[in-house]
Amino acid sequence: MKKLLLNYKSINCALFLMLVGANTLSGQTVVQETFGTTAVPIANNYSGATSTPSVSYLTNVAGYASVDLNGTDGFLNFMPNTTTGANRVSVVGALPSGSGMNGALHSNTNLITWNFNMKASRLSTNIFSSSTGFPVNKYFSGVVLCSTTGTVISNGTGPGSGYAVTLQKSINNATSGKASIYLIKFSNGIGDVVGEASVVTKLIESPELAQIPSSITTSNNLSIKVTYNPTVDVWELYYREDPITPTPIAFVDPTTGTFTLGGTATDVPPTTPMTSYGFVAGLQSSTSTANSYQFDNFKISLSAPPAYTAPPTIANRQVFNSTSNPTVGSLVATGSNIKWYSTLTGGTAIAASTPLTYSTYYGSQTVNNVESTRIATQAFVGDTGLRTLPLYESFASYNIGDKLIQMNNGASAATLENPGTGLGAWSITPSTNITDDVLIVASPTWTNTVLPAAAGNAISFVGSGIDPELKFTNTTTGKLFSSFVFNIVDAPVAIVASTTNPNYSTPTGFYSFSSDSIDPVTSLVVTNYAADVMFRKNITTGKYNLGLSKSNNGDECVWSPTEFDFNTQHVVVISYENIGNADPLQQVANLWIDPATTTQPAATLSQNNPTTSITRDHLDRIKLLQASSTSTPTLIIDEIRVANNWSQALGGVALGLINNSISNLTIYPNPVSNGKLFISSSSNLEKDVVIYTTLGQQVLQDKTVSEAINVSNLSQGTYFVKITEAGLTTTKKLIIN
């Protein structure tokens, strides 16, 4: 477990409500608090009239919290005032003695369960690290499950140790902007200012939450359950994202309903008895409701510990190469009697011989007939088979937030046998640079009119990193065309002026046809670029040019006379002609910017005679380029097509884009939800039916006249159905639910 040293300043640091009171509670409920039905302002304390047993609360800073109305029920509301400035604030109360729960948690014989609601009206601004645990001027919120003292802030008198659940930025927040739920263990209070001996350990981080809070009406509305099993010292965190409508958002009973497992951890609690619990938040001086936090329905209960089997050790992502024909049995887990499922709960185990797909699997182990909690792993299966032309990449089958390339065992020039495996058919040429930041993102609303409507997601990258490749059948003669739609969002922050032309940034390529060869002297892999799309920023005007190079050489690049504004959408088509011709003047690179017709017009830019004589005897891939943090801008690229002619490159005959030549052709229902697809036409003759993924991979072939096509074995998603009848062919988009 990673320990983080967190220190707090001694000034105005936190408002923390502690419960103080000690009535014996019979039965399985240790304490329960609903915060009443009457609005009660809190200064230095609050008498919990509705708590069971009756409890009094103490705050570490006056004037920061209140018990507000929430329909017919109250909730604890943290809202900053304008008199004290930015603070960590807390409300704390004492756990009742004689409740049946032993304060020394490990000494209990019962399962201990905490249930509560919490929500944030704004996104947290910090994440766990050695320097940003719970700092002043950062937004966060938390529920202290238990503490050895009534002081939980590290700059207080005699700060305690214990466990808390916090709502903070996820580890992947820089990409997703989302938050996660954390189970933490703290000692010497919670804090991070130099001079305070606070130590915080992250035990569990949940998957990212779907809801990104931005106001009081779009909060994270959470029901949370934490359990501790003292017989095996196992902690489990469960959560549920409840509806955020209607307004005001109502809390849902956190002791009932279905929860998602956020994670498990093994940890032995301190031997010092736990005496207190409470609520904590990082607040700033604005009194806007958009900066507030709410808590409700806190409950600690005891129950007989269930039969328990520890979950197996499973990596959250596993990468495979399609050449090894991986199956479910290829998934790796440390444990015994491992079984894999397609669902988190229920269902039947998947046969080990089932081929792996790009999907999430759930593994568990069973000991003495007791199944463990299932642990999720995402399988990435790189398709190393060469794509045939025409090809179409819409990024529809990938999840937003995933990396286009999954690094497998640290690919590098020294470990060529362990290349990065990509989503779909994407791959890389191993190099010493194994940093990947080509990410799957949601497609913008593309407004181009020359290409068919976009389907699926998109990719985004910026700066330096590996260069993903999409390989296709080797082309040694003729022409290649490729189109894509893109948006250059902005220029690098640390952009560097070109040494040859200081009015512009250093030219950089970002999309190219290419091939690889082996240097006969060094035996290293050499990339041979062709029809390379390049970028440079005009430092004076703040706009940019697009250029074309036959060699990825910025000094030999030809540039468009038109300059473009950042954050605007464009369509680019490139071609390379006379591949394999020994005369470099016969090999021509072309580039079209925003062509307005599906009929091939004159090229915007052409290049056949750069300073360095260039010939290419073959081309077999397109390559995305991440040259430098000071030259490669932030790009979004989508709708990639590669073909041997202009029409196919513009979607004229590519999958999903073929004409409607079969009279009155209809496929129904669409979407398909019952596994049966019907196809009809005017002539109603026999039809050859082939179904492809959006990556162009064939997944089904059949014939029909009027009977249904069985598509029940296809996973949910988007497909293309290619239908041929009496020599005519039409392709339609199909959605499987």
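Rings of Phe, Tyr and Trp, the last taken by its six-membered ring, pair if their centres lie within 6.5 Å. By that rule, this predicted model holds 27 aromatic pairs. Ring pairs link F35, Y57, F78, F116, Y277, F279, F295 and F298 into a cluster.

F78 belongs to strand β8 (residues 73-78), and F295 belongs to strand β19. The pair therefore ties together parts that are 217 residues apart in sequence. Both F78 and F295 are buried.

Strand β3 covers residues 29-33 and is mostly covered, with 4 of its 5 residues buried.

L111 and P306 are 195 residues apart in sequence, yet their C-alpha atoms are 7.8 Å apart in space. L111 has 11% relative accessibility and so counts as buried; the cut-off for buried is under 20%.

Two charged side chains sit over tyrosine rings. The charged end of R122 is over the ring of Y139, 3.6 Å from its centre. The charged end of K225 is over the ring of Y238, 4.8 Å from its centre.

Next, the backbone. Most residues other than glycine have a negative phi, and most peptide bonds are trans. Which way does phi point at D233, positive or negative? D233 has a positive phi of about 55 degrees, although it is not a glycine. D233 is placed in the loop between β15 (220-229) and β16 (234-241). Its relative accessibility is 9%, so D233 counts as buried. N552 also has a positive phi, of about 65 degrees, and is not a glycine. The loop that holds N552 runs between β35 (544-549) and β36 (558-559). At 28% relative accessibility, N552 counts as partly exposed.

Cis peptide bonds come next. One joins L389 and P390, with omega about 0 degrees. P390 lies in the loop between β24 and β25 (391-393). A cis bond also joins N670 and P671, where omega is about 15 degrees. P671 is found in the loop between β42 and β43.

Strand β43 (residues 676-680) pairs with β46 over 2 bridges. Here L677 stands opposite I709 of β46.

Strands β25 and β41 run antiparallel and are joined by 3 bridges. Y392 stands opposite R641 in β41. How enclosed is strand β41? Of the 10 residues of β41 (residues 634-643), 9 are buried, so the strand is largely enclosed by the rest of the structure.

Strand β30 (residues 457-461) pairs with β41 over 3 bridges. I459 has I637 as its bridge partner in β41. Strand β32 (residues 480-490) is joined to β41 by 8 bridges. In that pairing, I488 stands opposite L635. In a regular strand the side chains alternate between the two faces of the sheet.

Finish at the second largest pocket. Its volume is about 1200 Å³. The lining counts 38 residues, of which T357, Y358, S359, S397 and S715 lie nearest the centre. Which elements give two or more residues to this lining? They are β22 (359-367), β24 (375-382) and β47 (717-725). By class, the lining has 15 nonpolar, 21 polar and 2 charged residues.

How values were computed. Residues numbered from 1 in each chain as written. Predicted model: local features only at pLDDT ≥ 70, side-chain atom pairs only at ≥ 80, totals over all residues. Heavy atoms only, no water. 1 Å grid on protein atoms, 1.4 Å probe; cavity = no way out; pocket = protein on both sides within 12 Å on 5 of 7 lines; lining within 4 Å. Points joined across faces, edges and corners; volume = space filled by probe spheres on them. Nonpolar A, V, L, I, M, F, W, Y, C, P; charged D, E, K, R; others polar. Buried < 20%, exposed > 50% of the residue type's maximum accessible area, 1.4 Å probe, protein only. Phe/Tyr/Trp six-rings, centres within 6.5 Å; stacked < 30°, edge-to-face > 60°. Lys NZ or Arg CZ within 6 Å of the ring centre and 35° of its normal. Pairing = 2+ DSSP bridges.
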